[in-house]
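The following exercises are to be worked with the sequence and the coordinates at hand. Each task is followed by a solution in steps.

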Amino acid sequence: KESKYIKERNLKSLRTLLDSMDDSRGLSFHLVDWWDMDKFYNSSSTQQGPQFKHKVKLEGNFNYKPMFRSSIAMLSSGKVLITDRLHSSILAFLLHKPHVYLDQMYGKITKTRQVALEASSNCENRTILKFDQAVTIKEAVQKAVKLVE
């Protein structure tokens with residue numbers, strides 16, 4: 001309900017858009033949301049991942065590790081991320097993943113990032129940190145292509 005781009009978030013529209021521009025014609029993509037993250041994570045892997053200590057007393061027995069690892073695996077599946085989700089833009093930033101964010105109807109992503117990142121000029125350097133903001137999906141695709149060139 002927060003997204004302004006819901007009508008354009010379908011495989012056919014995105015494929016048509018990608019193929020309509022010379023720089024993005026033929027590029028592959030995944031159209032995913034948080035509930036898709038298990039498709040990208042190999043839960044049978046024996047590779048040791050990050051270790052988390054619980055910071056909140058009595059928070060229960062919820063195991064955050066698989067969710068965190070799945071999220072990282074999903075965001076790592078491509079060369080660049082285009083998102084209209086706040087938490088994926090934050091995680092992409094923390095992972096130094098090239099990304100373009102499309103703000104939601106009421107500016108939640110931009111406002112949150114301004115508060116969180118304005119403390120350091122380094123965090124605002126879009127070129128070095130490889131992120132950008134777009135207003136349309138077409139603009140996001142154009143900027144994403146430039147981030148991976």
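**Exercise 1. Overall composition**

What percentage of the 149 residues of the protein count as buried? State also the secondary-structure content and the order of its elements.

*Solution.* The model is a predicted one. Step 1: of the 149 residues, 32% count as buried. Step 2: the protein has six helices and three strands. Step 3: read along the sequence, these elements follow the pattern α-α-β-α-β-α-α-β-α. Step 4: among contacts in the protein with a separation of 6 or more, residues 24 or more positions apart account for 49%.

**Exercise 2. The pair α1 and α6**

Determine how helix α1 and helix α6 are oriented to each other, and which residues make their contact.

*Solution.* Step 1: the axes of α1 (residues 11-20) and α6 (residues 137-148) come within 11 Å and cross at roughly 55°. Step 2: the range for roughly perpendicular begins at 65 degrees and that for roughly parallel lies under 35; the two helices are therefore oblique to each other. Step 3: the crossing of α1 and α6 is right-handed. Step 4: on the α1 side the contact is made by L14, L17 and L18, and on the α6 side by I137, K138 and V141. Step 5: these residues of the contact of α1 with α6 divide into five nonpolar, no polar and one charged.

**Exercise 3. The pair α2 and α3**

Carry out the analysis for α2 and α3, and describe the surroundings of α3.

*Solution.* Step 1: the axes of helix α2 (residues 64-75) and α3 come within 11 Å, with a crossing angle of roughly 80°. Step 2: this angle makes α2 roughly perpendicular to α3. Step 3: F68, S71, I72 and L75 in α2 meet S88, L91 and A92 in α3. Step 4: by class, the contact of α2 with α3 has five nonpolar, two polar and no charged residues. Step 5: the buried residues in α3 are L86, S88, S89, L91, A92 and F93. Step 6: what covers the buried residues of α3 includes α2, β1 (81-83), β2, α4, α5 (126-129) and β3. Step 7: H96 follows α3 and has a positive phi, near 55°.

**Exercise 4. The two sides of α4**

Which residues of helix α4 are buried, and which are exposed on the other side?

*Solution.* Step 1: in α4 (residues 108-117), the buried residues are I109, T110, R113 and L117. Step 2: they cover an arc of only 95° around the axis, and so they lie on the same side of α4. Step 3: on the other side of α4, K111 and V115 are exposed. Step 4: the cover over the buried residues of α4 includes α3 (86-94), β2 (99-102) and β3 (131-134).

**Exercise 5. Two individual residues**

Are V145 and S70 buried or exposed? Identify the residues that each touches, not counting those up to four places away in sequence.

*Solution.* Step 1: V145 lies in helix α6. Step 2: because buried means under 20% relative accessible area, V145, at 9%, counts as buried. Step 3: beyond four places in sequence, V145 touches D23, S24 and L27. Step 4: the C-alpha atoms of V145 and K79 are separated by 9.5 Å, the two residues being 66 residues apart along the chain. Step 5: S70 has its place in helix α2. Step 6: with a relative accessible area of 1%, S70 is buried. Step 7: not counting residues up to four places away in sequence, S70 touches M37, D38 and Y41.

Key. Residues are numbered from 1 along each chain as its sequence is written. This is a predicted model: local features need pLDDT of at least 70, side-chain atom pairs count only at pLDDT 80 or more; totals for chains, interfaces and linings use all residues. Side-chain values use heavy atoms; hydrogens and water are left out. Axes are lines fitted to C-alpha atoms, for helices over the stretch in contact, and angles run from 0 to 180 degrees between N-to-C directions. Helices (H or I, at least four residues) and strands (E, at least two) are DSSP runs, numbered from the N terminus. Angles under 35 degrees count as roughly parallel, over 145 as roughly antiparallel, 65 to 115 as roughly perpendicular and the rest as oblique. A crossing is left-handed if the near helix is turned anticlockwise from the far one by less than a right angle, and right-handed if clockwise. Contact means heavy atoms within 4.5 Å. Ala, Val, Leu, Ile, Met, Phe, Trp, Tyr, Cys and Pro count as nonpolar, Asp, Glu, Lys and Arg as charged, and the others, Gly among them, as polar. Buried means under 20% relative accessible area, exposed over 50%, partly exposed in between (1.4 Å probe, protein chains only). The arc is that of the directions from the helix axis to the C-beta atoms.
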